[in-house]
Amino acid sequence: MAHALRLAERGLYTTHPNPRVGCVIAHGDEVVGSGWHQRAGEPHAEVFALREAGGSARGATAYVTLEPCAHHGRTPPCADALVAAGVARVVIAAEDPFPQVAGRGIEKLRAAGIAVDTGLLRDQARELNIGFFSRIERGRPFVRVKLAMSLDGRTALANGESKWITSEPARADVQRWRARSSAILTGSGTVLADNPRLTVRLPQDEAFAPPLRVVLDRCLRTPAGSHVLDGSAPTLLLHGAEAIADGEYFDHVEHVAVAERDGALDLPAVLALLAKRDVNELHVEAGARLGGALLAGGWADELLLYVAPVLLGDQARPLLALPPLASMAERWKLAVIEQRQVGADWRLRLRPQPA
């Protein structure tokens with residue numbers, strides 16, 4: 001199963017909105033077939049593994065990181081393929097919560113007389129597809145907020161200058177987190193201040209599906225000529241119901257009105273809309289206000305924090321805009337999921353904990 005999970009990781013940048021899935025077919029310790037889901041719309045992991053195994057699949061055990069599908073989508077049901085191949089046993093890491101599967105794949109296998117076991121390395125399989133499970137089970141994407149700061153917790157000088165706090169290796173590392181995401185989100189304030197491209201820049205030989213660029217722009221302030229309007233990646237502007245699309249360039253960019261709350265776009269409504277557009281992992285690169293709102297509202301699932309060994313001073317801009325606390329008991333608690341040195345900087349993955 002660990003082998004199957006490593007195979008599934010090969011689809012990290014290319015399978016969304018589908019989950020990343022790997023499959024290994026074996027007789028005891030002898031692997032006779034393996035495969036992974038490579039791109040949405042193409043064959044699933046089980047199909048590639050069965051093709052490689054051929055007749056050796058009969059009587060074998062199939063190890064699959066996610067419950068085999070039982071419905072006709074863009075590809076035929078994988079449960080049917082496993083039955084037809086004559087496998088004797090299927091070991092599944094995680095059950096599939098997708099409504100058209102949700103136990104039906106397991107039922108179909110067992111009805112055909114195939115032994116089915118579930119739960120082997122379930123946590124690892126769910127972590128690999130954390131955005132897919134979030135979208136299906138919670139109705140919203142998994143929200144990862146990327147931040148970069150100095151050792152004294154600052155993100156830019158008082159005049160707004162922020163290029164560059166972190167080193168080139170750290171900035172290159174960010175590209176891979178962008179590439180694994182279904183969408184990259186920012187606010188109009190960041191567009192006005194920094195004019196970011198919000199595209200993925202990887203070596204030419206590395207395949208990825210371009211993430212959707214999403215700009216929260218309540219009053220449609222994004223100016224013509226902004227990089228996010230250059231057509232290099234699909235782009236969605238989310239705005240308030242009363243905003244006026246003033247400019248011909250809006251005719252060439254998708255813009256959708258969403259509900260407002262307290263003078264800002266309603267973040268739960270934004271996340272629900274993106275989930276309906278099959279966004280699994282949402283990568284956020286925004287200012288202190290939007291990042292703080294996501295954390296304070298309980299919608300930031302993970303902080304991807306790069307810490308540079310530099311000091312910017314107490315007049316520089318803070319990491320997040322958060323409400324004041326009355327006591328230390330109210331402090332924001334974060335669990336360290338991972339810490340790693342990247343170039344001269346440190347990368348921390350942090351997940352908010354219950355108050």
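1. Helices (H or I, at least four residues) and strands (E, at least two) are DSSP runs, numbered from the N terminus. This is a predicted model, in which local features need pLDDT of at least 70, side-chain atom pairs count only at pLDDT 80 or more, and totals for chains, interfaces and linings use all residues. Residues are numbered from 1 along each chain as its sequence is written, and side-chain values use heavy atoms, with hydrogens and water left out.

2. Start with Leu198. It sits in the loop between helix H8 (188-194) and E9. Leu198 is buried, at a relative accessible area of 3%. Buried means under 20% relative accessible area, exposed over 50%, and partly exposed in between (1.4 Å probe, protein chains only).

3. Compare Leu121. Its phi is near 60°, again positive in a residue other than glycine. Leu121 belongs to the loop between E5 and helix H5 (122-128). With 28% relative accessibility, Leu121 counts as partly exposed.

4. Now the loop between helix H1 (2-8) and strand E1 (22-27). Gly11 is placed there. Gly11 has 0% relative accessibility and so counts as buried. Gly11 touches Arg20, Trp36 and His37, leaving aside residues up to four places away in sequence. Contact means heavy atoms within 4.5 Å. Gly11 and His37 are 26 residues apart in sequence, yet 6.4 Å apart in space, C-alpha to C-alpha. Pro17 is also found in the loop between H1 and E1. A cis peptide bond links His16 to Pro17, with omega at about 15°.

5. Next, an open sheet. Five strands lie in the order E2-E1-E3-E4-E5, and the pairing is mixed. Strand E2 (30-36) and strand E5 (115-118) are at the edges; each has a single partner strand, so one side of each lacks a neighbour in the sheet. On average, neighbouring strands of this sheet are turned by 15° against each other, direction ignored. Two strands pair if DSSP finds at least two bridges between them. Strand E4 (residues 89-94) and E5 run parallel, joined by four bridges. Val90 has Val116 in E5 as its bridge partner. Helix H4 (residues 104-111) lies across E4 and E5, at about 150° to E5. Axes are lines fitted to C-alpha atoms, for helices over the stretch in contact, and angles run from 0 to 180 degrees between N-to-C directions.

6. How do H2 and H3 cross? The axes of helix H2 (residues 45-53) and helix H3 (residues 78-85) come within 9 Å and cross at roughly 20°. That makes H2 roughly parallel to H3. Angles under 35 degrees count as roughly parallel, over 145 as roughly antiparallel, 65 to 115 as roughly perpendicular and the rest as oblique. H2 passes H3 in a left-handed crossing. A crossing is left-handed if the near helix is turned anticlockwise from the far one by less than a right angle, and right-handed if clockwise. From H2, Glu46, Val47 and Leu50 meet Cys78, Ala81, Leu82 and Ala85 of H3. The residues of this contact are six nonpolar, no polar and one charged. Ala, Val, Leu, Ile, Met, Phe, Trp, Tyr, Cys and Pro count as nonpolar, Asp, Glu, Lys and Arg as charged, and the others, Gly among them, as polar.

7. H3 also packs with H4. Their angle is about 20°, and their axes are 9 Å apart. H3 and H4 are therefore roughly parallel to each other. Their crossing is right-handed. H3 brings Ala79, Asp80, Leu82 and Val83, while H4 brings Gly105, Lys108 and Leu109. By class, this contact of H3 with H4 has four nonpolar, one polar and two charged residues.

8. Is strand E8 (residues 183-187) enclosed or open? Five of its five residues are buried, so E8 is largely enclosed by the rest of the structure. Ala183, Leu185 and Gly187 are buried on one side, and Ile184 and Thr186 on the other. E8 pairs with strand E9 (residues 212-216) in the parallel sense, over five bridges. Gly187 has Leu216 in E9 as its bridge partner.

9. Last, helix H10 (residues 288-296). Leu290, Gly291, Gly292, Leu294 and Leu295 are buried there. Their cover includes E8, E9 and helix H9 (267-276). Just after H10, Gly298 takes a positive phi of about 85°.
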